[in-house]
Amino acid sequence: MVIAVDDNTALRQRAWDAAASVVDPEIPVLSIADLGVLRDVVLDGDRVEVAITPTYSGCPAMNMIAIEIEIALERAGFRQPKVRTVLSPAWTTEWMSEEGRQKLRAYGIAPPQASHSRRALFGEQAVACPQCGSDKTELLSEFGSTSCKALWRCRSCREPFDYFKCH
Amino acid sequence: MATANIEVSETPLVLYALRRADDALILGHRLSEWCGHAPMLEEDMALSNIALDLIGQARELYTYAAKTEGKDNDEDKLAYLRDVRQYRNLLLVEQPNGDFAQTLVRQFFYSAFADLYWRAMMTSRDATLAAIAAKSEKESAYHLRHASEWIIRLGDGTDESHRRAQAAIDQLWAFTGEMFAVDDGERGLIHAGIAVDPGTLRGRWLTTLSGVIGEATLTLPQTDWMQQGGRSGRHSEHLGHLLSELQSMQRTFPGQTW
């Protein structure tokens, strides 16, 4: 498939949309655009380079995400797409879109909340249960099934749930 | 063991990145040894998560060291094809896991330093090191909180947990001085605004320690004598054993990839 390079803006949008269709393999309701992991798409002729930023230094999903971006772009007709990792500025959950936060909650994961001090010990934090909405919840472990999540439990409906940590 | 060791041209900046990379890799590997063995599932996941963060930091630092060196090396060669005397990590991070208290005291001493260190490095004149610092700082804040809470639980817990936590502090204390040592090469980097003078962090590091250890009803040793050597490749007997496991696949099947 060959692309006519007649409209750069439309082409870049097409590349962006293709890259933005890639989802987090660990949280498949969130696209990498929702997460704020997708930083930039640069076109040079019909070559495309996508910049992504890692969430956590050791997040094993990043390799998978990079491969999926290349596949998505090739499917959209871009030849030899490249994925570049940028470290600065460091990723923060503040980049998560409002749509992303709603999708997380609907999926059963409490979205990140900004109020918590990262340095206070045994910190009290109110995280609403994504299942029943109750504020009577408790932290089970700061480290959950992936780097970005903590494990919580609701004391009202007794359901355990993941909390997407503020970072 | 057919694969030869690589050679590394250790300019001050290469060596600086390598030392921090080795700290993160060796401590990350140590923590990964708990995977499947921690006292409870949540802790198994916590220690494995922290290990992942540290190994991720190591990869960034190795990649930068290799790029700065500008030779044929890369992150994998630096991790898998250097022998024990070529490793530049702190003696503290290579110490065996021991019991849970020993692992957490080691983690506490290191994280209390790393948290201050990465925060200070965010203003490094070296853009890559500043970017790595900005990521690592967020992670080390979690690591420190996790370790601090455990020191308090163990110290202010049962007689047995208190005894073990105090024994770990007494045993590991002599390895903490090396975190604040600086050689001539590093002094040049500090002068150039690339590196942070770790000596300037020691007061705040002690304040962090005193607060947590006091609340944990534990005490810090009064001795000033400190063991050093890791930064120049003189290691305890434990590192060679660790590397034999860490490197065995690449040494046995050179160049193998998944």
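At what angle do helix 5 of chain B and helix 7 of chain B pack, and how far apart are their axes?

Guide: This is a predicted model, and with that in mind we can start at the pair you ask about. Helix 5, residues 100-121 of chain B, packs against helix 7, residues 159-172 of chain B, at an angle of about 50°, and their axes are 8 Å apart. An angle counts as roughly parallel under 35 degrees and as roughly perpendicular from 65 to 115, so helix 5 and helix 7 of chain B are oblique to each other. The crossing in which helix 5 of chain B passes helix 7 of chain B is right-handed. On the side of helix 5 of chain B, the residues that take part are Ala101(B), Gln102(B), Val105(B), Arg106(B) and Phe109(B), and they meet Ser161(B), Arg164(B), Ala165(B), Ala168(B), Ile169(B) and Leu172(B) in helix 7 of chain B. Sorted by class, this contact between helix 5 and helix 7 of chain B holds seven nonpolar, two polar and two charged residues.

Another pair in chain B can be set beside this one. Helix 2 of chain B and helix 6 of chain B pack at an angle of about 165°, with 11 Å between their axes; because angles over 145 degrees count as roughly antiparallel, that is how helix 2 and helix 6 of chain B are described. Helix 2 of chain B passes helix 6 of chain B in a left-handed crossing. From helix 2 of chain B come Ala46(B), Ile50(B), Asp53(B), Gln57(B), Glu60(B), Leu61(B) and Tyr64(B), which meet Thr128(B), Ile132(B), Ser136(B), Glu139(B), His143(B) and His146(B) in helix 6 of chain B. By class, the contact of helix 2 with helix 6 of chain B has five nonpolar, five polar and three charged residues.

Three of its strands form an open sheet in the order 1-2-3 with mixed pairing, where strand 1 (38-44) and strand 3 (82-85) of chain A are the edge strands, each pairing on one side only. Strand 1 of chain A runs antiparallel to strand 2 (residues 47-52) of chain A, and six bridges join the two. Helix 1 (residues 8-20) of chain A lies across strand 1 and strand 2 of chain A, at about 140° to strand 1 of chain A, while helix 3 (residues 61-75) of chain A lies across strand 2 and strand 3 of chain A, at about 150° to strand 2 of chain A.

A further open sheet in chain A has four strands in the order 4-7-6-5, again with mixed pairing. Strand 4 (109-110) and strand 5 (137-141) of chain A each have a single partner strand, so one side of each is left without a neighbour in the sheet. Strand 6 (residues 149-154) and strand 7 (residues 160-164) of chain A pair in the antiparallel sense over five bridges, and Trp152(A) stands opposite Phe161(A) in strand 7 of chain A.

Notes. Residues are numbered from 1 along each chain as its sequence is written. Chains are lettered from A and ligands numbered from 1 in the order in which they are written. This is a predicted model: local features need pLDDT of at least 70, side-chain atom pairs count only at pLDDT 80 or more; totals for chains, interfaces and linings use all residues. Axes are lines fitted to C-alpha atoms, for helices over the stretch in contact, and angles run from 0 to 180 degrees between N-to-C directions. A crossing is left-handed if the near helix is turned anticlockwise from the far one by less than a right angle, and right-handed if clockwise. Two residues are in contact if their C-beta atoms, placed from the backbone, lie within 7 Å. Ala, Val, Leu, Ile, Met, Phe, Trp, Tyr, Cys and Pro count as nonpolar, Asp, Glu, Lys and Arg as charged, and the others, Gly among them, as polar. Two strands pair if DSSP finds at least two bridges between them.
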